[in-house]
6 protein chains.
Amino acid sequence: MIKGTFNKAYMGSRTAEEAAGCVLAGCPLDATSSFRGGTRFAPESIRRASWTLETYSPYLKMDLDDIAFCDVGDIELRQGDLLYSLGVIKGAVDEIVREGRKFLILGGEHLITYPILKALKTRIKEVQIVHFDAHCDLRDEYEGQKLSHATVMKRVKELDGSDIFQIGIRSGTRQEFEELLLIESPEALAARLDRSAPVYLTFDMDVFDPSLVPGVTTPEPDGLTFKEVMDYFSIFQGMNLVGADIVELSPDYDTTFVSSVCASKVAREILMLLNPY
Amino acid sequence: MIKGTFNKAYMGSRTAEEAAGCVLAGCPLDATSSFRGGTRFAPESIRRASWTLETYSPYLKMDLDDIAFCDVGDIELRQGDLLYSLGVIKGAVDEIVREGRKFLILGGEHLITYPILKALKTRIKEVQIVHFDAHCDLRDEYEGQKLSHATVMKRVKELDGSDIFQIGIRSGTRQEFEELLLIESPEALAARLDRSAPVYLTFDMDVFDPSLVPGVTTPEPDGLTFKEVMDYFSIFQGMNLVGADIVELSPDYDTTFVSSVCASKVAREILMLLNPY
Amino acid sequence: MIKGTFNKAYMGSRTAEEAAGCVLAGCPLDATSSFRGGTRFAPESIRRASWTLETYSPYLKMDLDDIAFCDVGDIELRQGDLLYSLGVIKGAVDEIVREGRKFLILGGEHLITYPILKALKTRIKEVQIVHFDAHCDLRDEYEGQKLSHATVMKRVKELDGSDIFQIGIRSGTRQEFEELLLIESPEALAARLDRSAPVYLTFDMDVFDPSLVPGVTTPEPDGLTFKEVMDYFSIFQGMNLVGADIVELSPDYDTTFVSSVCASKVAREILMLLNPY
Amino acid sequence: MIKGTFNKAYMGSRTAEEAAGCVLAGCPLDATSSFRGGTRFAPESIRRASWTLETYSPYLKMDLDDIAFCDVGDIELRQGDLLYSLGVIKGAVDEIVREGRKFLILGGEHLITYPILKALKTRIKEVQIVHFDAHCDLRDEYEGQKLSHATVMKRVKELDGSDIFQIGIRSGTRQEFEELLLIESPEALAARLDRSAPVYLTFDMDVFDPSLVPGVTTPEPDGLTFKEVMDYFSIFQGMNLVGADIVELSPDYDTTFVSSVCASKVAREILMLLNPY
Amino acid sequence: MIKGTFNKAYMGSRTAEEAAGCVLAGCPLDATSSFRGGTRFAPESIRRASWTLETYSPYLKMDLDDIAFCDVGDIELRQGDLLYSLGVIKGAVDEIVREGRKFLILGGEHLITYPILKALKTRIKEVQIVHFDAHCDLRDEYEGQKLSHATVMKRVKELDGSDIFQIGIRSGTRQEFEELLLIESPEALAARLDRSAPVYLTFDMDVFDPSLVPGVTTPEPDGLTFKEVMDYFSIFQGMNLVGADIVELSPDYDTTFVSSVCASKVAREILMLLNPY
Amino acid sequence: MIKGTFNKAYMGSRTAEEAAGCVLAGCPLDATSSFRGGTRFAPESIRRASWTLETYSPYLKMDLDDIAFCDVGDIELRQGDLLYSLGVIKGAVDEIVREGRKFLILGGEHLITYPILKALKTRIKEVQIVHFDAHCDLRDEYEGQKLSHATVMKRVKELDGSDIFQIGIRSGTRQEFEELLLIESPEALAARLDRSAPVYLTFDMDVFDPSLVPGVTTPEPDGLTFKEVMDYFSIFQGMNLVGADIVELSPDYDTTFVSSVCASKVAREILMLLNPY
């Protein structure tokens with residue numbers, strides 16, 4: 001039969017056999033947004049956007065073609081059943097971590113970070129968490145819910161009380177800002193991180209200025225430029241990044257496709273940081 | 001202090017005191033959509049669109065200025081807590097019905113029809129249900145859920161097993177089509193309805209052709225024109241319409257505002273049918 | 001490794017082994033458009049839209065789950081090299097036809113119909129061609145080119161001079177209209193077709209009214225409704241449809257996704273017509 | 001110097017010298033809209049859209065290339081000075097009519113019809129007016145103004161009290177509907193028109209269904225299809241059409257360009273009706 | 001009767017009784033735009049966007065919940081009658097100022113600043129005016145008009161000839177640039193302002209870079225970032241800001257809602273600057 | 001006959017007779033784009049956007065009204081015939097250069113720079129080329145083609161091997177980056193340019209950050225701001241700029257018109273740099 005092609009996976013993805021070390025997976029959870037939703041469409045949009053990029057990164061001077069990773073597709077959730085879906089996410093990451101793999105998860109909404117870190121912390125206790133976001137996400141409850149995109153970092157903190165380094169935050173309650181550990185420059189981040197300990201990166205796309213990335217559920221003015229994010233990322237070179245997520249992209253509000261391209265370029269850099277040659 | 005104005009309510013709405021007979025309320029439930037969401041923004045959009053319409057209907061030869069109804073605003077739900085929200089909806093309609101009022105509820109997603117009818121049927125047992133929709137909504141389960149926009153009419157049927165007259169349906173499983181009671185013309189509807197018994201109307205905006213109403217969660221080609229809907233509505237003149245809902249409008253996909261204008265014009269006609277002079 | 005999923009192919013597609021009889025392939029040729037382009041994005045968009053549809057067709061009372069076909073992905077073209085690409089298309093269809101398979105090709109621009117029919121006619125000489133389109137496409141030359149979306153049916157006619165039944169045409173030069181064999185009703189089509197001879201169907205999406213399908217390269221008012229197209233399709237039931245194409249969808253101008261949904265629904269019906277149980 | 005080209009004018013326009021009989025002019029008045037505006041951009045958009053059409057009309061079996069008309073560009077108005085602008089419009093039409101020319105004016109908002117008809121009636125007293133619109137436009141005052149898009153046909157009626165044949169109307173006050181002379185079919189129009197007397201045609205683009213033409217200032221569901229308009233136009237063949245306007249297109253709300261294409265196709269047909277061979 | 005809710009007013013607005021000191025009002029004047037219009041829709045859009053923000057400002061370390069202000073709705077204008085509307089605006093501000101209240105007015109187009117300042121200056125003579133804008137707005141006439149969005153600051157200057165501090169200006173005639181008093185940094189502003197004298201702030205949304213705020217009538221590249229604006233605003237802390245306006249937002253060109261969010265965040269900061277605890 | 005106006009040409013354009021020194025021409029080549037296309041619509045969109053700008057530049061303190069140039073319209077290409085079109089472009093520039101004129105060409109895709117420079121170099125051998133772009137464009141082949149938007153600067157280099165100063169580049173293969181002569185600041189550019197030798201400027205609109213200019217065929221995050229571009233342009237004051245092009249604007253992806261405004265403002269500055277008083 002004739003051989004056609006599908007550009008289904010993120011560019012440069014290899015087969016599971018070829019890519020033992022690193023897993024890329026979509027996680028289209030889209031349940032607790034308070035303003036507009038649509039994050040369920042993000043994994044596919046990030047994959048599509050990857051095909052407009054080059055595999056070579058002038059920032060890291062690495063080429064994705066030299067990196068072994070496998071895009072396994074999307075974790076299958078039940079849209080209307082939040083607790084079931086959170087359990088499935090935890091189970092999937094449990095399996096990845098048990099096999100000793102690193103991973104990048106493409107959300108979906110930010111709440112996915114909670115089951116991901118629950119799974120990760122069963123194996124890697126002392127992980128340092130770096131959190132890019134416009135919002136604190138440190139509420140204890142939101143609209144009567146304990147589990148929400150607006151409470152996720154509070155839940156994560158409760159896992160063991162360790163510090164979270166938060167970057168780009170510019171929206172929250174007075175109480176959240178009091179609790180916040182705000183990092184205001186790459187130098188400050190470098191000074192705070194223990195270079196010998198593992199790092200987890202949770203990247204909410206609304207950390208970018210909404211001029212560049214309007215396609216998020218809650219756009220907040222006064223965000224980071226792409227260059228500023230790359231400057232923070234340069235700190236991670238040579239460190240042990242063990243996992244990461246990219247969340248809150250909402251492609252239906254990305255009228256020019258630029259938000260998806262940005263998310264995809266962030267993913268390219270993270271895949272390289274997870275996989276130093 | 002200076003007196004400014006807000007066009008907050010549906011045009012022609014009166015105060016609660018002036019409008020004893022009929023309640024208009026928003027119900028922004030937006031929880032179980034399988035494709036795209038956003039129905040939570042519909043009540044406000046329908047109200048805004050009303051201000052581009054005239055109060056006079058050339059179809060019914062009635063004027064909304066002669067109709068006493070009160071737009072009370074939106075029922076307050078918890079976005080992440082489906083069962084709580086369904087309970088609140090039932091409670092609100094219980095109160096409306098207990099006071100002997102008629103009502104039009106602006107969704108939100110189609111699942112709201114289930115708690116509405118549960119409340120209505122405690123007071124008015126023998127209500128005939130007329131269902132405008134592109135989809136059967138007669139699945140027993142959808143994505144593992146019993147309560148979903150795709151199962152709502154199955155749940156409604158189970159309340160007492162009475163017939164539902166379904167209009168405009170063009171999508172479903174083979175099994176749903178076998179169960180369907182499809183009405184294919186205004187004449188057929190007139191022949192089937194008991195003109196002396198009360199009628200409830202549930203109106204899914206995707207019954208319209210998506211050329212006219214693209215702003216829905218699941219657009220399905222081959223729908224009704226506005227004129228065809230008006231022809232069906234003419235059957236209800238002189239009958240006892242006791243309640244109605246308009247559901248599944250998703251304004252973020254209504255790139256030209258025409259979908260909201262259509263929903264708002266349907267609302268105008270229903271308010272008149274609920275309130276014959 | 002964890003098992004994720006990709007919704008890469010048209011819904012219901014089977015493996016090549018399971019689906020011996022019928023091939024679905026994308027053919028993203030996008031070279032000769034005179035006004036706006038973008039047809040290269042159509043195959044992927046049609047596949048994505050398929051996942052919002054049901055597998056059951058109330059028109060044909062068939063279910064795609066009972067149909068064996070295989071979506072093989074996209075034929076690989078060279079965007080800047082027209083003659084090379086036309087050769088590749090002809091080669092791919094040659095192979096499909098040689099193996100005795102039926103096929104549906106998703107364009108891409110209308111010019112693909114020329115190499116497809118060249119390949120098909122080497123095996124099946126006496127094929128009746130039914131052409132849905134807004135435009136005659138019967139020019140001998142366009143902008144100095146013999147091979148163009150605007151000349152394609154002229155080129156096809158020259159293959160052996162047999163008649164082409166043209167439906168929905170409403171734009172062309174005076175000379176094209178003189179040459180046209182316009183079919184103005186399903187009854188007229190039924191009267192002209194030889195029910196025992198094979199049929200090829202070329203379906204330009206701009207045959208639809210642009211209210212329903214604005215996402216085409218050259219929208220032309222006064223087109224067909226979805227129902228009218230279904231009425232024409234009913235004629236093909238019980239006939240020997242041997243191949244088909246759907247062309248000229250341009251997703252970037254489909255601001256509401258409805259054009260892609262229409263194309264995908266047309267594809268579902270054609271797959272059933274190609275594969276009677 | 002090298003010769004480049006501008007597609008500045010409506011397709012097929014000739015020089016003033018070659019086209020003695022018929023003037024096409026833009027008239028971008030955009031002053032009194034009550035909901036959204038933007039009609040000032042319509043003349044340019046209609047001209048641009050013309051280049052996507054063919055010069056041949058299968059409805060009238062005429063070719064624009066055989067028609068002598070001259071697109072003179074836009075009448076220069078002062079955006080903030082309504083009375084001045086209305087005077088300029090009247091002056092321009094006075095000049096056209098004095099020279100014995102026919103004309104098609106591309107609005108701009110509907111209010112332009114008032115100065116146009118004031119000018120026309122000084123020369124041609126007994127002109128029959130045919131009015132395509134969604135709205136009656138028969139208010140005596142609107143938002144405290146006598147001169148408004150919503151009062152224009154009332155003002156026109158006052159010029160001499162003669163009848164106006166109104167087509168497609170579906171929105172207005174009860175009083176306007178009582179005053180309306182609604183024509184409900186081409187046959188009814190044919191019966192009412194005096195075929196030997198001159199005709200003026202004022203065409204508000206919102207007469208079309210907003211599924212086809214969303215790009216208007218006040219979209220109103222339940223409008224005419226393109227085919228229905230062509231059926232009305234066929235009545236004018238062989239009659240003495242002396243002038244016409246096309247108004248209320250608002251290109252910024254025409255997200256797919258289809259509204260502009262429709263307006264441009266209507267213009268093509270009117271140019272042919274004004275200029276029988 | 002059941003209690004629903006409307007999110008009609010700007011978040012945190014109190015009743016007139018509770019909020020003696022500060023008035024928020026909409027002023028949807030939309031009459032003299034030379035390019036695209038639509039500013040009449042701004043007040044409602046700014047209010048809606050406020051509900052996506054937090055009440056706490058990390059810039060000023062204040063919380064809107066601690067601020068007493070009352071959103072009274074929109075001043076009622078007559079869209080087609082400029083002089084009448086300007087009179088109404090002046091009358092409304094006269095009343096606010098007479099009662100000793102501070103105010104924030106949400107335009108509408110920039111021309112509203114003229115009647116506002118006419119009213120303000122009758123009570124507070126020596127007010128320092130700070131003007132954020134992309135355009136000088138210092139023409140003496142524009143398109144033959146003395147009263148226009150393009151002449152407004154010239155008219156304001158004529159009220160008493162006092163200086164206007166202009167920030168962000170990057171478009172104008174040579175003559176306007178000669179007349180301009182351009183402030184190029186927060187430090188320069190601090191140096192020029194008399195901290196003991198009252199300040200009025202007129203904020204044209206096009207001062208922002210159009211990457212962040214495309215939803216204005218005349219976007220001009222090379223504007224301010226959100227952070228730069230906040231840096232200027234910090235100068236006003238501890239000063240006597242007596243009134244302000246935010247003008248020229250045009251929501252129909254705000255395809256991602258980010259422009260409205262920016263305007264709403266600017267409004268939040270201004271409300272806090274008007275109301276130091 | 002009445003005198004209307006067309007805003008057909010770039011603002012301030014004079015007749016050929018009045019503007020002996022400088023030609024502005026459109027060149028809508030749109031053939032080899034690998035992702036999305038649509039650059040053929042750029043010249044017209046840039047011209048339209050010019051009418052929203054002022055003629056005075058505060059950057060150069062010059063006024064376009066003092067500059068003599070002639071916008072001659074678009075060079076006529078054949079959309080489907082690449083080699084023919086490249087020949088026509090070369091011929092047009094040959095003629096301009098032979099007459100001793102300077103020029104600004106508005107693309108169209110970037111490939112046009114190749115025939116332009118072929119023509120220019122026949123007259124002016126030692127031209128220094130400054131290249132603004134997000135992409136290296138230094139591939140030797142792309143998708144099997146030697147002539148492509150992705151290979152254009154490689155082809156240009158081959159003309160005589162002279163250096164190209166490349167600014168804003170942030171995407172390419174490892175090999176392209178090795179070949180690249182990246183200029184990282186205006187100072188670096190000033191240091192490298194020979195102020196006595198002629199300069200050619202090729203300006204790919206994607207050099208801008210996609211937050212400001214999303215309307216390009218391949219948006220790439222991390223681009224230049226408008227101010228940064230103006231800083232580079234200031235270097236050219238007093239130098240002998242002999243020709244320039246602006247390429248890769250794709251208006252159909254410019255949802256807010258800001259990309260076209262930016263391109264038009266860049267054009268204004270270049271026209272002034274080409275024509276020092």
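**View 1. A salt bridge links chain F to chain D.** F:Arg48 pairs with D:Glu44, and their closest N and O atoms lie 3.0 Å apart. A salt bridge here means a side-chain nitrogen of Lys or Arg within 4 Å of a carboxyl oxygen of Asp or Glu. Between chain F and chain D the count is 2 salt bridges. This is a predicted model, in which local features need pLDDT of at least 70 and side-chain atom pairs count only at pLDDT 80 or more, while totals for chains, interfaces and linings use all residues. Residues are numbered from 1 along each chain, chains are lettered from A in the order in which they are written, and side-chain values use heavy atoms, with hydrogens and water left out.

**View 2. Chain F meets chain D.** Here 26 residues of chain F are in contact (heavy atoms within 4.5 Å) with 26 residues of chain D. Together the two chains bury about 2,200 Å², 67% of it on carbon and sulfur atoms; buried area is the accessible area (1.4 Å probe) that two parts lose on being put together, summed over both. On the chain F side, F:Met1, F:Ile2 and F:Phe6 lose the most area to chain D, together 39% of what that side buries.

**View 3. Now let's turn to chain A.** Of its 277 residues, 68% count as buried, meaning under 20% relative accessible area (1.4 Å probe, protein chains only). The C-alpha atoms of chain A fill a box of roughly 60 × 40 × 40 Å along the principal axes. Among chain A contacts between residues at least 6 apart in sequence, 79% join residues at least 24 apart.

Terms used
Buried means under 20% relative accessible area, exposed over 50%, partly exposed in between (1.4 Å probe, protein chains only).
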